[in-house]
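Student: I'd like to learn how to read the features of a model like this one. Could you walk me through it?

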Amino acid sequence: MVNIGETQTLEERIKILTEGAKYDVSCSSSNSARVAQKGQLGACHIAGVCHSFTADGRCISLIKLLMTNKCEFDCLYCVNRRSNDTPRASLTPREVCELIMGFYRRNYIEGLFLSSAVEKSPDHTMQLIIQTLTMLRKEYKFNGYIHIKAIPGASAHLIDLAATFADRMSVNIELPSETSLKLLAPQKKKEMLVSPMRQLSGVALSNAHTPRRLVKKIPAGQTTQMIIGASPDADGQIIRLTEALYRKFGLKRVYYSAYTPVNNDSRLPALPPDLRRENRLYQADWLLRFYGFDADELVPADRNFALDVDPKCDWALRNIDLFPVEINTASYDMLLRVPGIGVRNAFRIMQARKHSVLTFDSLKKMRVALTRALFFVTAAGEYRGIGDKPDLIRLRLTDKLPLLQNNNAPRQLSIFDNDIASVLSERNERNGLGDGKTGFGAGGYGAGAPSLSEFSEAALGGGDNPLLEYKADKARQSESFETLF
Ligand code: SF4
């Protein structure tokens, strides 16, 4: 370990510690790099200032910083691991405070994201963070946004004290299974991660019953991050864990970070995963939180998400018998499940159809993504799709149809075309679609799904509702959090 802290300038140490923090995505980060130019205003740096969102949705700029990158732990995937020969540096609580106040006064930042490697011990590191926060809040009267990392293994009373000063805390679960933790982060035990999350969820729960102006601890809740592709854990496992974290611990966000190879180690993959995996997980995460989907419906536990279409399209194609739905009569829940219709447009459709019959032109004016939606809806009885042909719809959605036709010389595509059929079956195999049309096993509707009572099925007059039948068909196989992780 190269420890050059004593001879480094403050600027050099800040550079090392902001660089070291850039892999933590449990607060959002811009990851852009642009130098300031004459005649233009502003610049972007890969590390340093990032953007995050407060509880009320406001985008703010934070300085993203480690207190130290001297670590006692040896997590294989981490640039700051103990066995790495990398420049080390630390900042004192006073230095962090002076830096924050200086940047804040110059209007560079609106808050702080403070993380740290584990120096000496988890409690020692947590105490340094608390000391910094105490000084910032009490001595410097800093009232800006503070997001800190709970150090795994720190005592419960320190976690509680830190929560008093922070707006948001995150405990990074890092790897989605205990087996992967043992292999890649041997010093981190499951309980070291789960305990503080459970503790902070209790704080969040008490916040829910406290008037907003009196909420003292982590008013912006807790978040976590998982690394994708460093271990063999499938997306199915990851998204089930995510669902359990939202439901059990009331997390505000789960962030996913595609593994970046920074260390040479035979226990790690040589290459980063396809970045679309990270994207698909974010899309699926959105479906869990805002669209009423269950993880069980989205992907089998041992499979990754299809990369060619997004998880909502993938679900719709596997459940093509539920479509097309009539835009003028479908329930709100069903509209949410139509590819190309988001939460805002589902709401708009519900409102607009009270006053007139909606057509495809109405949907276009609402900016519904018709390139996707038209395969799954009828509008005033009109259908513009290509029927109950999930494989062909998939090709249309992925724009692969012209490509396949070109490869096979110009001719009319037929559903019975053997070449096309074999390409489709190969790709389905690869994407883990199998031959099933219905959802993967069981699940009910998520407790976290947004509920607009005025749009309940009952309010819509009930009757034959394929989505209700679909839901009724599914038997719940509730996996406990403990079995997931
Ligand atoms: S605890 Fe692990 S992940 Fe965190 S800084 Fe140390 S080596 Fe890196």
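Predicted model: local features only at pLDDT ≥ 70, side-chain atom pairs only at ≥ 80, totals over all residues.

Student: Fine. What covers the buried residues of α3?

Tutor: The cover includes α2, β5, β6 (145-149) and α4 (156-165). As for burial, a residue counts as buried if 20 or more other C-beta atoms lie within 10 Å of its own. In α3 the buried residues are Pro122, Thr125, Met126, Leu128, Ile129, Ile130, Thr132, Leu133 and Leu136.

Student: Are Asn107 and Glu174 buried or exposed?

Tutor: Asn107 counts as exposed because it has 8 C-beta neighbours inside 10 Å. Glu174 is buried, because 22 other C-beta atoms lie within 10 Å.

Student: And peptide bonds?

Tutor: Most peptide bonds are trans. Here, a cis peptide bond joins Phe323 and Pro324, with omega about 0 degrees. Pro324 sits in the loop between α10 (311-318) and β10 (325-326).

Student: Next, helix packing. At what angle do α7 and α8 pack?

Tutor: When you read a packed pair, take the angle together with the distance between the axes. Helix α7 (residues 235-249) and helix α8 (residues 275-290) pack at about 35 degrees, and their axes are 10 Å apart. The crossing of α7 past α8 is right-handed. On the α7 side, the contact is made by Asp235, Ile238, Ile239, Thr242, Glu243 and Tyr246. The α8 side supplies Arg277, Arg280, Leu281, Ala284, Asp285, Leu288 and Arg289. By class, that contact has six nonpolar, one polar and six charged residues.

Student: Which residues are around the ligand?

Tutor: For a shell like this, list the residues, then sort them by class. Around the ligand are Cys71, Phe73, Cys75, Cys78, Asn80, Arg81, Ala117, Val118 and Ala185. That shell divides into seven nonpolar, one polar and one charged.

Student: Which residues does Asp167 touch, leaving out those up to four places away in sequence?

Tutor: Asp167 touches Tyr145, Ile146, His147, Ile218, Pro219 and Ala220. Asp167 lies in the loop between α4 and β7 and is buried, because 20 other C-beta atoms fall within 10 Å. Its C-alpha is 9.0 Å from that of Gly144, 23 residues away along the chain.

Student: Ile218 turned up there. What separates Ile218 from Asn207 in sequence and in space?

Tutor: Asn207 and Ile218 are eleven residues apart in sequence and 8.6 Å apart in space, C-alpha to C-alpha. Asn207 itself lies in helix α6 (residues 190-208). Asn207 counts as partly exposed because it has 19 C-beta neighbours inside 10 Å.

How values were computed:
Residues numbered from 1 in each chain as written. Helix = DSSP H or I, 4+ residues; strand = E, 2+ residues; numbered from the N terminus. Buried ≥ 20, exposed ≤ 12 C-beta atoms within 10 Å, placed from the backbone. Contact = placed C-beta atoms within 7 Å. Near = placed C-beta within 6 Å. Nonpolar A, V, L, I, M, F, W, Y, C, P; charged D, E, K, R; others polar. Axes fitted to C-alpha atoms, helices over the stretch in contact; angles between N-to-C directions. Left-handed = near helix turned anticlockwise from the far one by under 90°.
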